[in-house]
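I am opening my notebook on this structure, and I want to write down carefully what I looked up, entry by entry.

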Amino acid sequence: MEPDKKQLKVVILGGSLAGLMCGIALKHAGHEVTIIEKGENVRQSHMAGVCLGLDAERFLERHDRLSNVFSHRCLRIQALKSDETVQVFINARRDITNWDAYYFRLRANFDGYKSSFYPIPPQPSATDGPSSYNARREVVDLTRTGDRGNTKLVLSVLDHDTRDVSKVEADLVVGADGPDSFIRAKYIPESKRRYVGYIAWRGTVPESEVSEATRDVFKRSVTIHLMDRHHCLVYTIPGVDGSLEKGERYLNFLWYTNETPEALDEILIDGIDGHRHHNIVPSGHVRKDIWEARLQTARSIPLPGPFLEIITKIERPFIQVITEVISPRASFEDGRVLLMGDGLSLYRPHTAFSGTQAAFHALKVEEYVEGKISAQEYEEKALRYARLHWSQSIWYGDFYQYSKWTALKSALYYWFHCGIDRVNSWWTGEERLLRGWSKVVEQYDDE
Ligand SMILES: Cc1cc2nc3c(=O)[nH]c(=O)nc-3n(C[C@H](O)[C@H](O)[C@H](O)COP(=O)(O)OP(=O)(O)OC[C@H]3O[C@@H](n4cnc5c(N)ncnc54)[C@H](O)[C@@H]3O)c2cc1C
């Protein structure tokens with residue numbers, strides 16, 4: 001990049017959490033930021049929790065201009081056993097919001113978008129750069145023109161309304177374009193997401209619709225139920241328009257089961273038009289007979305009463321296929337094109353870490369653009385962070401879903417990366433990149 005250039009023209013592919021966080025950080029640093037998003041402004045989320053880990057907290061402290069709390073605080077993960085007794089599984093603080101509340105908050109900060117979540121967005125500051133969010137536009141090509149010192153990146157952008165393709169120039173391009181990233185596919189076509197062997201049956205139920213006894217079990221801690229090679233969990237997320245009021249929040253249910261690729265050919269068939277989905281069967285599209293069979297299994301196991309109550313009250317279930325990917329690179333075109341977020345590494349969901357990773361990347365892109373780190377350092381840090389948390393999510397997943405031996409092998413792989421991180425931090429004097437959850441044992445107010 002041209003270090004003496006004051007205001008860079010930055011184009012970000014993807015306007016979900018990673019793209020928005022990066023956009024906000026660079027806009028606040030005075031750069032001209034354009035986000036190109038192939039989806040709509042108002043998206044249908046997975047109605048699932050997003051955890052605000054350490055890097056998300058740091059990002060929000062630095063860049064969030066709204067002040068209300070938008071997450072539910074859990075202080076532990078508890079296990080509900082078959083006899084319905086509760087045991088502490090891990091003491092760990094987790095602030096959990098949902099994707100919609102997070103997305104609209106970031107939109108309010110990025111381009112002043114008004115939503116029912118945030119009807120009064122914060123005012124831009126005089127030093128902010130211009131920002132624009134272009135929904136229903138898709139990047140279909142990226143080329144580099146000019147010679148060294150006078151290079152431009154040119155993106156071809158397809159307008160989903162008119163079908164016209166226009167050209168957009170950029171000094172810096174950021175690929176925040178998710179697990180099927182266009183940027184990753186362009187530079188590393190062999191790096192593709194893969195099925196890890198299990199899926200999640202999911203859905204939400206408003207707290208107000210469950211019995212008081214069940215509400216009491218789930219009201220504050222993440223609750224898991226471990227079974228032989230499958231497990232389910234329930235946790236609380238904000239409700240309509242981000243409400244954190246008791247009774248208005250949602251209980252979010254997940255049940256992870258191992259499924260062969262052949263079984264997926266049946267499970268993933270759309271209940272309305274019959275086509276086969278790949279990664280998600282959205283709410284309202286799960287086949288009735290498939291869901292009914294799942295409920296039947298839940299009753300025959302049987303799942304503990306509170307879990308059974310939730311699953312039977314889910315009105316619009318959906319199915320998520322668990323996949324993963326990790327890119328071997330994060331910087332291309334001499335640091336003119338960067339990769340971040342789930343496009344760089346898609347974790348398994350057990351560590352609830354994707355939103356935190358996106359915040360880490362956004363803060364690192366900001367440091368890079370400010371000249372505090374080089375493109376190589378961005379890449380090195382982003383990849384080391386990715387391998388650590390990716391291998392951690394594999395270990396957790398293998399522990400829950402597979403044999404002890406498989407879990408041990410993944411634990412060794414994870415500990416190997418922890419060792420690298422520890423040595424690196426000792427050698428360079430820099431903070432470790434492993435972001436553990438707070439291990440301080442905290443009590444709820446009424447305990
Ligand atoms: C609509 C939606 C709902 C979600 N809901 C949840 C949830 O409830 N819970 C949860 O844990 N996670 C959810 N996620 C995933 C979550 O956002 C990520 O796991 C994580 O936070 C990091 O996101 P990301 O921005 O890197 O990737 P993603 O969230 O996957 O976003 C990538 C974005 O890039 C866009 N895109 C891809 N290719 C192009 C292109 N060529 N041109 C323009 N745009 C492109 C996609 O439309 C998408 O919006 C959701 C993602 C989406 C898109």
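Entry on aspartate 241. I looked up how exposed this residue is in the predicted model, and I noted that aspartate 241 counts as partly exposed because 14 C-beta neighbours lie inside 10 Å, whereas a buried residue needs 20 or more. I then placed aspartate 241 in the loop between strand E13 (230–237) and strand E14 (250–258). I also checked its backbone and found a phi near 55 degrees, which is a positive value in a residue other than glycine.

Entry on alanine 352. I looked for another positive phi and wrote down alanine 352, with a value of about 50 degrees although the residue is not a glycine. Alanine 352 sits in the loop between strand E19 (345–346) and H9, and I recorded it as buried because it has 21 C-beta neighbours inside 10 Å.

Entry on alanine 358. Setting aside residues up to four places away in sequence, I listed its contacts as Leu17, Ala18, Met21, Met340 and Gly341. I also noted phenylalanine 59, which is 299 residues apart from alanine 358 in sequence, yet 9.7 Å apart from it in space, C-alpha to C-alpha.

Entry on the ligand. I found that 31 residues surround the ligand, and that the closest are Gly14, Ser16, Ala18, Gly178 and Gly341. The elements that give two or more residues to this shell are helix H1 (17–28), strand E2 (32–37), strand E7 (137–145) and helix H9 (354–369). Sorting the shell by class, I wrote down 13 nonpolar, 12 polar and six charged residues.

Entry on the core. I looked up the largest nonpolar core, which has 110 residues, and those with the most contacts inside it are Met21, Cys22, Val174, Met340 and Val365. Helix H10 (residues 375–401) gives the largest share, 11 residues, and the core draws at least three residues from each of domain 1 (9–72 + 95–192 + 324–391) and domain 2 (194–322). For valine 365, leaving aside neighbours within four places in sequence, I listed contacts with Cys22, Ala25, Val174, Leu338, Met340 and Tyr378.

Entry on a cis bond. I noted that isoleucine 301 and proline 302 are joined by a cis peptide bond with omega about -20 degrees, and that proline 302 lies in the loop between helix H7 (288–300) and helix H8 (305–313).

Definitions and conventions:
Residues are numbered from 1 along each chain as its sequence is written. This is a predicted model: local features need pLDDT of at least 70, side-chain atom pairs count only at pLDDT 80 or more; totals for chains, interfaces and linings use all residues. A nonpolar core is a set of buried Ala, Val, Leu, Ile, Met, Phe, Trp, Tyr and Cys residues joined through C-beta atoms within 7 Å. A residue is buried if 20 or more other C-beta atoms lie within 10 Å of its own, exposed if 12 or fewer, and partly exposed in between; C-beta atoms are placed from the backbone. Helices (H or I, at least four residues) and strands (E, at least two) are DSSP runs, numbered from the N terminus. Domain bounds come from an automatic or database domain assignment. Two residues are in contact if their C-beta atoms, placed from the backbone, lie within 7 Å. A residue is near a molecule or strand if its C-beta atom, placed from the backbone, lies within 6 Å of it. Ala, Val, Leu, Ile, Met, Phe, Trp, Tyr, Cys and Pro count as nonpolar, Asp, Glu, Lys and Arg as charged, and the others, Gly among them, as polar.
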